[in-house]
Amino acid sequence: MAPSPVPASGPPSGHPPPAAHTTGHPPAGITHPGLARPGELPSVHDALLCVALPALVVCAAHGQLTGHGLEGVYLAGRRLLSRCVLRVAGREPLALQGRLAAADRAGFLGVVRTPGDTGPDPGLLVERSRGADGTERITLRSSAGRPLRLPVEIALGTDLADLAGVAAGRPGPELSASVHGTGMRWTAADGRSAAVTADPPPMDALAAAGILRWDVELPPGAARTIELRVRGDRAPRLSSVPGPGGSGPSAATFGGPPFDATPSGGGRTLGGGGSPAARPGGHVLAEARAEGDDPRAGELLHTAVDDLRALLQRDPARPADVHLAAGVPWRCGPVGVESLWAARMALPLGTRLAFSTLRALARTQSGGSGAEAGWIPGPLRDAGPFLPPRCTGTEATLAFPVVLAEARRWGLPEQELAELLPTAERCLGWLREAADPHGFVPDPGPAGPWRAETQAHAHRAAVLGADLLDACGRPGAEAWRDWADGLRRRFRKEFWVSDRSGGRPAVARAPDGRSWHQLGGWAAHLLDTGLLGGGRHAPGLLDRTDTEQLARLLGAPMLDSGWGLRGLGAKEPGHNPFGHRTGTVRVHETAVAVAGLAAAGYDKEAESLLRGLLDAAEYFGYRLPEMYAGAQRTAGGAPVPHPAACRPAAVAAAAGVLVLTTLVGIRPDAPGGTVALHPVRSAPLGALRLSGLLVAGEPFAARVSRLGLGMVEEAADGLQLGG
């Protein structure tokens, strides 16, 4: 019997408990007086988000921080600075360009017409560079043929509000400032504070207005720079913000331990870029590169790795362990199933992230005996209008042995495998007890329906779990293979719905005979069977005939929007191109479909979804959101953003790694001393080379030619080409 899907533990003291499930509405105690209707969130689709968790900056493309909406500099979910408005010679710069320069930094260009300018040409260029670390460099560059003397002022302000309050439309009043050193300081009623320092020091500081002033002299062709640095005290822990498509309450909670004090004892300075000890990054994820005929592959992989590093955050229970936040700005909470799926897709970048994510989840596993023994707790996730919410804890419990088994194939060290194996065995033990008398796993809990996607996760856990038990000399492998065989037979009998067009899988069944037939992106998980030894994919729930039919369905316009895979077919009742479970393109599901179709040999369908995803990535500057509208692609059209989607998001960034490694077809078996290449035969992006990957703990590089032929170029000593 499955346990009730509730979080493993409550939120930090002093905050309301998370709701048992979310359908996009706020948990009890949170209201949205400033928003149009309950559950609505401020739009972030057109914002620039600079991310280096737990630090975050949200700003508009014009570069000014106005204090409107979510704009501001945040540390661990508290807004340290909400307003930073630049004026030169009494006017704001005319914004010309604003873009991300990296995951953690944005750049802005503007111009100012100065006294004496004639004609349409401005004589002063304003360059701004703003980082998630709380630094901003403002450079005034003169093209005038005469000396300039310009008054420059920067208006600063903050409310020191929690992100949850800002999102709910109740940020609080702006605080009074005091002159502090070379800048300003603000202190909230709870004693927490923030400060901004300036270099060079301002000539004047007006605390009542929060204004710093300089008189800047610029000879012809000269440039002058002002640097601002934001500093905050210890990192608070915050309550959650409900958001679309997340696990349980979409968390604005930022994990990680409180920041250490600066040497001067004045709090934590965001500036300085961070040391490896303060910010995990390259030692967790390899610096992979892609190059080839289509330059977009390189851009996608570079951005994916950059965003994954930006989303890393430390586990409060063990700061040495890191995991990926699900997404910014809404879901930066504790480790959960999306952290695990992203770590799985990122295995080509090394096994360190998977190991630390698995270890963080292992610490939450239920002990003792009974229905909850071995379960990894997690909140419920909205499943759309047709089905009750599903349990992310069930999903994480079933994913744990799968990710551990595949990490072993990629080269997870034996001592790390041995540490996590008991947790995987307990997950399998939970699966044995959770299956009902009909042989299916209900979700959520014993009263839930049988979901096709949950059965796919259970089958994969059984097959790869058996492989893991065999490899480690543990008993029970054959029993799990027999159980998986039985599940395959039961699934084909109960879930496949025959019709004149060839049939389709049902999304869910109930013991009383009810069934739900809505076709959507969830079906991609039926093709995700898992990796075994020798470069072999595990058997799936579907036979060859049904797999072929599912491939046709996934490649048809009802599901393939031209930009990726819809969450619900366009002709299904209740379809909404903006519905986070009823029609949006979810990047994770699209990538899973690409990989599953390619593994099953359906290159045409895989190529169509891949091209749509890559075209969408180009439109989004290669920082893919977790979802976007599932409207049908038209000539000259563009993908339409979802206003509340997280961007960056862990599974969306990791999806870029998955689809590119799928094209080259890398299937490692580090314990067996082999690596197989099964590239997509049609070579949809032409020649492609991936380098800087890690297999068996050593650098790995491989390429696929325009003819679809694969070749290993760099590998660990002793690793042989197999498969």
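Q: How many disulfides does the count come to?
A: Zero disulfides. A disulfide here is a pair of cysteine sulfur atoms within 2.5 Å. This is a predicted model, where local features need pLDDT of at least 70 and side-chain atom pairs count only at pLDDT 80 or more, while totals for chains, interfaces and linings use all residues. Residues are numbered from 1 along each chain as its sequence is written, and side-chain values use heavy atoms, with hydrogens and water left out.

Q: Is cysteine 50 buried or exposed?
A: Cysteine 50 is buried, because its relative accessible area is 0%. Buried means under 20% relative accessible area, exposed means over 50%, and partly exposed is in between (1.4 Å probe, protein chains only).

Q: And cysteine 332, which cysteine sulfur is closest?
A: The one in cysteine 646, 7.2 Å away, too far for a bond. Cysteine 332 is buried, at 0% relative accessibility.

Q: New topic. How many salt bridges are there?
A: The count comes to 52 salt bridges. Each is a side-chain nitrogen of Lys or Arg within 4 Å of a carboxyl oxygen of Asp or Glu.

Q: What does aspartate 133 form a salt bridge with?
A: With arginine 105. The closest N and O atoms are 3.5 Å apart.

Q: Is aspartate 133 buried or exposed?
A: Buried, with a relative accessible area of 14%. Arginine 105 is partly exposed, at 23%.

Q: What about arginine 344, which side chain does it meet?
A: Glutamate 406, in a salt bridge of 2.7 Å, N to O. This pair also links distant parts of the chain, with arginine 344 in helix H3 (residues 337-345) and glutamate 406 in helix H5 (residues 392-410), 62 residues apart. Arginine 344 counts as buried at 11% relative accessibility. Glutamate 406 is buried too, at 7%.

Q: Which residues are linked in a network of salt bridges?
A: Arg331, Glu338, Arg381, Arg390, Glu395, Asp443, Arg451, Glu453, Arg586 and Glu626.

Q: On to rings. How many aromatic pairs does the structure hold?
A: Six aromatic pairs. Rings of Phe, Tyr and Trp (its six-membered ring) pair if their centres lie within 6.5 Å. Planes under 30 degrees apart count as stacked, over 60 as edge-to-face and the rest as tilted.

Q: Why is the pair of phenylalanine 491 and phenylalanine 495 stacked?
A: The ring planes are at 5°, so the pair is stacked, with centres 4.6 Å apart. Both phenylalanine 491 and phenylalanine 495 are buried.

Q: What kind of pair do tyrosine 619 and phenylalanine 620 form?
A: An edge-to-face pair, 5.1 Å centre to centre, with 80° between the planes. Tyrosine 619 counts as partly exposed at 45% relative accessibility, whereas phenylalanine 620 is buried at 6%.

Q: Which residues do ring pairs link into a cluster?
A: Phe440, Trp450, Phe491 and Phe495.

Q: What lies over the face of tryptophan 563?
A: Arginine 633, at 3.9 Å from the ring centre. The rule asks for NZ of Lys or CZ of Arg within 6 Å of the ring centre and within 35 degrees of the ring normal.

Q: Last one, the surface. Which residues form a nonpolar patch?
A: Leu94, Leu96 and Leu109, with about 280 Å² of accessible area together. Areas come from the Shrake-Rupley method with a 1.4 Å probe, and for residues only the protein chains shown count as cover. Patches are made of residues with over 30% relative accessible area and no salt bridge; like charges are joined within 9 Å, and nonpolar side chains (Val, Leu, Ile, Met, Phe, Trp, Tyr) within 5 Å.

Q: Where is leucine 96 found?
A: In strand S7 (residues 94-102). Leucine 96 counts as exposed, at 54% relative accessibility.

Definitions and conventions:
Helix = DSSP H or I, 4+ residues; strand = E, 2+ residues; numbered from the N terminus.
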